[in-house]
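User: I would like to learn how to read strand pairing and ring contacts in a model. Could you take me through them one at a time?

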Amino acid sequence: MSDPLAARMRAFGTTIFAEMSALAVRTGSINLGQGFPDTDGPAAMLERAVAAIGGGFNQYPPGPGVPELRQAVSEHHGDHYGLAYDPDGEVLVTVGATEAIAAAVLALCEPGDEVIAFEPYYDSYAASVALAGAVLRPVTLRPVEGRFTFDPAELRAAVGPRTRAILVNSPHNPTGTVFTRAELEEIALLCQEHDLIAVTDEVYEHLTFDGVEHIPLATLPGMRERTVMISSAGKTFSVTGWKTGWVCAPPELVRAVQTVKQFLTFTAAAPWQLAVAYGLRHELGWVLSLRADLQAKRDRLTAGLSAAGFDVYRPAGTYFVQTDIRPLGFADGLALTRELPSLAGVVAIPTQVFYARPERGSHFVRFAFCKQDAVIDEAVSRLTRLGKAEDGSG
Ligand SMILES: *Cc1c(COP(=O)(O)O)cnc(C)c1O
């Protein structure tokens, strides 16, 4: 039989994450590839999920989401950002941020429409755009003075007559960049000049470091009305397996996204929604301590990777450190990460897989630090062998 997969999805065969995680298991390597924490979320919130199941909260919840969660999301965005979203009509609960992104792109784009995204980008963006029959227009983030950013002229040049939307991920996976107000103003101006819709992936909204503030694009003048703002409990509360996210937007945009979402999944799982509502109301102190812990882990891993000989980009947010492998004498991140288990017993992700044009990211490798300190320390001690191996071979 010829390949049964539809042509528009053939470029998305197997993800690097599957390959690298299998490699980690097969070789007994430390896995700093996967972006999920190896510790649990707040205990009282976990208890709420158990109680919800035990308490008979197990049938289809309303399509837009459980009212308690929509209310808690609305309060959260009001308290944190001064953004008012009506829990009835401006908040939609989704099966993680991933479904929210897919439903938004499918809802907003006609076939042939163009969607701008900053590369390297989260891997589901290109797949969602392809599912919609739309075209992804990448704008490359490049290191400038130690952090990844875009060239405003390149961003402007990416806009054309078919541009419908821009996907904005800040704090940004995989570079760790948190967009500044000036960067967001560039994006906002462009959206207003060309009547674009912004779809913002803010899953790391609470995970910023050194006092860096996360600024939702929707808080900029003129942007709330054209922004589909997406969050998720997965990263905020270290429950990536719960797949509970939400969209906040004006009613007509929420209606559009919900029209698609209802036929993808109809609704999201009920018990997690009650538990996450509890988390948003009572566990933001826990999130602050998670943020402090992650900052210390970032410092631990960045110091270790620098000592091992990598050029390290210090992230202002997220779970990830971006490194340049060239100082160690390597040029291709894909080749290095495939060899890394035998060279050092560590698994990482070649950043080039997050690019539309992989050659632009061939020398970058991403390491995750949302891991226990002992795991990070062991990985670092193994990685210092890399530089030594280089010394030995001259
Ligand atoms: C983890 C992640 C997601 C997926 O979130 P879910 O809620 O698990 O679907 C989306 N975007 C980025 C940038 C992520 O890192």
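User: Which residue in β10 does L92 stand opposite?

Analyst: Two strands pair if DSSP finds at least two bridges between them, and strands themselves (E, at least two residues), like helices (H or I, at least four), are DSSP runs numbered from the N terminus. In this predicted model, where local features need pLDDT of at least 70 and side-chain atom pairs count only at pLDDT 80 or more, totals for chains, interfaces and linings use all residues. L92 stands opposite V247 in β10, and four bridges join β2 to strand β10 (residues 245–248), the two running antiparallel. Residues are numbered from 1 along each chain as its sequence is written, and side-chain values use heavy atoms, with hydrogens and water left out.

User: Which way do the residues of strand β2 point?

Analyst: V91 and V93 point one way from β2 (residues 91–94), L92 and T94 point the other way, and all are buried, where buried means under 20% relative accessible area, exposed over 50% and partly exposed in between (1.4 Å probe, protein chains only).

User: What is the order of the strands in the open sheet?

Analyst: The open sheet of seven strands has the order β2-β10-β9-β8-β7-β3-β4, with mixed pairing. β2 and β4 (135–140) stand at the edges with a single partner strand each, so one side of each is left without a neighbour in the sheet. Within the sheet, strand β7 (residues 163–169) and β8 pair in the parallel sense over five bridges, and L167 stands opposite V199 in β8.

User: How many aromatic pairs does a search of the whole structure find?

Analyst: Rings of Phe, Tyr and Trp (its six-membered ring) pair if their centres lie within 6.5 Å, and planes under 30 degrees apart count as stacked, over 60 as edge-to-face and the rest as tilted. The search finds 16 aromatic pairs. Among them, Y60 and F266 are edge-to-face, at 5.8 Å centre to centre with 90 degrees between the planes; Y60 is exposed at 74% relative accessibility, while F266 is partly exposed at 37%. F209 and F369 form a tilted pair, at 6.1 Å and 55 degrees, with F209 buried at 0% relative accessible area and F369 likewise buried at 0%.

User: Where does the charged end of R366 sit?

Analyst: A charge sits over a ring if NZ of Lys or CZ of Arg is within 6 Å of the ring centre and within 35 degrees of the ring normal. The charged end of R366 sits over the ring of F320, 3.6 Å from its centre, and K371 lies over the face of F36, at 4.7 Å from the ring centre.
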